Amino acid sequence: MNRSLEDSSIKPKIPIILASGSESRKLMLEEFGLEFDVVISDVDEDDLKEKISKESFQQQVIYLAKAKAQEVSFQYPNAIVIGGDQMCVLDDVIFNKPGDKTKAISNLQLLSGKKHFQNSGVCLFQNNKCLWEYSEIIEMQMRDLSEEEIVKYVELENPIHAAGAYKYESLGRNLFSSVSGSAFTIRGMPLIPLLNQLRELDIINTKPFRDENN
């Protein structure tokens, strides 16, 4: 396991594992100050996507998030395992991570001036059982982008590992005229509902921000 944020401000009462290799999800939890481990699931996502392709995109992201979390939970039954998944969708077409700059430019050309959706799902597993699941859909209106803007953006941020070919947490915000919901969800995980659920389950407690000597 890869330990993240060893000197974290928030130490959970039960070990937490993020069952994802997503740098964005990892960064969000680190920004919150949570102590957690990262264990990347071995689930074959392509195979699962083919099996569930007729389900709604909202159902698909939950299914994939749960599959990843369950696989890791089987290995670490005593931990709380966070699973997550995200799909960028335009007119029922999924925009996967582009993988290279040429595909990133092509994706942004298709999204330019149009409304698309980011579907994001998250869940919690313990002892191979799902404790909680949740999903959100964010509507996003991209500006009409010139060819020059698209190429310059891709060169600056190299968003080849981002769903939709943009990094909304940084320069990617400049590509949009409006969005309908949480920036965390756009980045790949409905963070606020997740943190609320961790508190409700008494897994984390943010009260220790007070000085223990007072």
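**Figure 1. Isoleucine 14 in the loop between strands S1 and S2.** Isoleucine 14 is partly exposed, because its relative accessible area is 24% and partly exposed covers the range between buried, under 20%, and exposed, over 50%, with a 1.4 Å probe and protein chains only. This residue belongs to the loop that runs between strand S1 (2-4) and strand S2 (16-18), where strands (E, at least two residues) and helices (H or I, at least four) are DSSP runs numbered from the N terminus. Once residues up to four places away in sequence are set aside, isoleucine 14 touches Asn78, Ala79, Ile80, Gln126 and Ile203, a contact being heavy atoms within 4.5 Å. With isoleucine 203 the separation along the chain is 189 residues, while the C-alpha atoms of the pair are 6.1 Å apart. The model shown here is predicted, so that local features need pLDDT of at least 70 and side-chain atom pairs count only at pLDDT 80 or more, whereas totals for chains, interfaces and linings use all residues. Residues are numbered from 1 along each chain as its sequence is written, and side-chain values use heavy atoms, with hydrogens and water left out.

Figure 2. UniProt, in an unreviewed entry, lists Asp85 under "active site"; its positions are given in the numbering used here, feature names are shortened, and annotations may be inferred rather than shown by experiment. Aspartate 85 is placed in strand S4 (residues 80-90) and counts as buried, at 4% relative accessibility. Leaving aside neighbours within four places in sequence, the contacts of aspartate 85 include Arg25, Glu45 and Lys68, and also Asn119, Ser120, Gly121 and Gly188. Val61, Leu64 and Ala65 are likewise among the residues in contact with aspartate 85.

**Figure 3. Lysine 68 in helix H3.** Lysine 68 lies in helix H3, which spans residues 57-75, and is buried with a relative accessible area of 7%. Neighbours within four places in sequence being excluded, lysine 68 is in contact with Asp85 and Gly84, with Glu45, and with Ala19, Ser41 and Val43.

**Figure 4. Two aspartates with positive phi.** Most residues other than glycine have a negative phi. Aspartate 91, although it is not a glycine, has a positive phi of about 50°; this residue is found in the loop between S4 and strand S5 (93-95), and at 64% relative accessibility aspartate 91 counts as exposed. Aspartate 202, another residue other than glycine, has a positive phi near 60°. Aspartate 202 lies in the segment after helix H7 (191-200) and, at 42% relative accessibility, counts as partly exposed.

**Figure 5. The whole protein as context for the close-ups.** The secondary structure comprises seven helices and eight strands. The radius of gyration is 18 Å, close to the 17 Å that the globule rule gives for 214 residues, so the protein is as compact as a globular protein of that length; the radius is taken over C-alpha atoms, and the rule is 2.2 Å times the number of residues to the power 0.38. Of the 214 residues, 47% count as buried, and residues 24 or more positions apart account for 70% of the contacts with a separation of 6 or more.
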